[in-house]
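Work through the exercises below with the model open. Try each task before you read its solution.

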Amino acid sequence: MAPERETAARERHPVGATAATRPRTPRLDQPRPPRRRIVPEWDPEAFGRLSEKIARFLGTGRFIVWMTVVIILWVVWNIAAPAGLRFDQYPFIFLTLMLSLQASYAAPLILLAQNRQDDRDRVNLEQDRKQNERSIADTEYLTREIAALRMGLGEVATRDWIRSELQDLAKELEERYRHGGHVVFPAERSERPPGRDTEDR
């Protein structure tokens, strides 16, 4: 009996690492198939945008005017209409319930819109802070560069300084020429008549 069981077990689970016997693992280069969920899914961004639109509408004068018109029509209808057509008698309990329901939905929607606005403001402040840091760093770099250029320009000879130095040098050479009596510049020697050089010699 035991050998027969072993052979049956071998037939069910073949020995050897083949592709058919390996457990199928999901491939990493392909997306997972969508799972079926009992709870319906919704886009939180779309719901947030809808809540912001509702909150913006609730904060306008148009909403107050429309709500006032609806309440007035409600009250007038339930007072002046025939008794068979009235759907809310004098204490107007149904109107109170509708207003409470509207307020109970309006408050969370307004809070959700405020939270989204706070998140946007936080992101904008973070971006502004980073931009200010970059601007400060750029300003410090430019300040250092300008200071280095000023220090470099302080060591560079200007045109007026070179002119004054050349004038001083020319005066000094003229004085040497007058006292020594010999030609300092070769150009002056070529400009003199030929007999003059022999006389100087």
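The expected span of a helix is 1.5 Å times one less than its number of residues. Helices (H or I, at least four residues) and strands (E, at least two) are DSSP runs, numbered from the N terminus. The model is predicted: local features need pLDDT of at least 70, side-chain atom pairs count only at pLDDT 80 or more, and totals for chains, interfaces and linings use all residues. Residues are numbered from 1 along each chain as its sequence is written, and side-chain values use heavy atoms, with hydrogens and water left out.

**Exercise 1. Check helix α2.**

Task: Compare the reach of α2 with its expected span, then find its buried side.

Solution. Step one: α2 covers residues 44-58, which is 15 residues. Step two: from first C-alpha to last it reaches 21 Å, close to the expected 21 Å. Step three: list the buried residues of α2. They are Gly48, Ser51, Glu52, Ala55 and Leu58. These cover an arc of only 125 degrees around the axis, so they sit on the same side of α2. The arc is that of the directions from the helix axis to the C-beta atoms. Step four: look at the face turned away from the buried side. It carries the exposed residues Lys53 and Arg56.

Phenylalanine 47 also lies in α2. Phenylalanine 47 is partly exposed, at 42% relative accessible area.

**Exercise 2. Repeat for helix α3.**

Task: Which residues of α3 are buried?

Solution. Step one: check the length. The 20 residues of α3 should span 28 Å, and the end C-alpha atoms are 28 Å apart, which agrees. Step two: the buried residues are Phe63, Trp74 and Asn78. They cover an arc of only 20 degrees around the axis, so they lie on the same side of α3. Step three: on the other side, Arg62, Val65, Leu73 and Ala80 are exposed.

**Exercise 3. Describe an aromatic pair.**

Task: What is the geometry of the pair formed by tryptophan 74 and phenylalanine 87?

Solution. Step one: apply the rule. Rings of Phe, Tyr and Trp (its six-membered ring) pair if their centres lie within 6.5 Å; planes under 30 degrees apart count as stacked, over 60 as edge-to-face and the rest as tilted. Step two: the whole structure holds 4 aromatic pairs. In this one the centres are 5.0 Å apart and the planes make 75 degrees, which is edge-to-face. Tryptophan 74 is in α3 (residues 61-80) and phenylalanine 87 is in the loop between α3 and α4 (93-155), so the pair ties together parts 13 residues apart in sequence. Step four: compare burial. Tryptophan 74 is buried at 14%, whereas phenylalanine 87 is partly exposed at 47%. Step five: widen the view. Ring pairs link Trp74, Phe87 and Phe94 into a cluster.

**Exercise 4. Follow asparagine 78.**

Task: Which residues does asparagine 78 contact, leaving aside its neighbours within four places in sequence?

Solution. Step one: asparagine 78 is in α3 and is buried, at 3% relative accessible area. Step two: contact means heavy atoms within 4.5 Å. The partners are Arg86, Phe87, Asp88 and Phe92. Step three: a polar atom of the asparagine 78 side chain lies 2.9 Å from the backbone nitrogen of aspartate 88.

Note on methods
Buried means under 20% relative accessible area, exposed over 50%, partly exposed in between (1.4 Å probe, protein chains only). A polar contact is a pair of N or O atoms within 3.5 Å; within protein, one must be able to donate a hydrogen and the other to accept it, and residues adjacent in sequence count only if both atoms are side-chain atoms.
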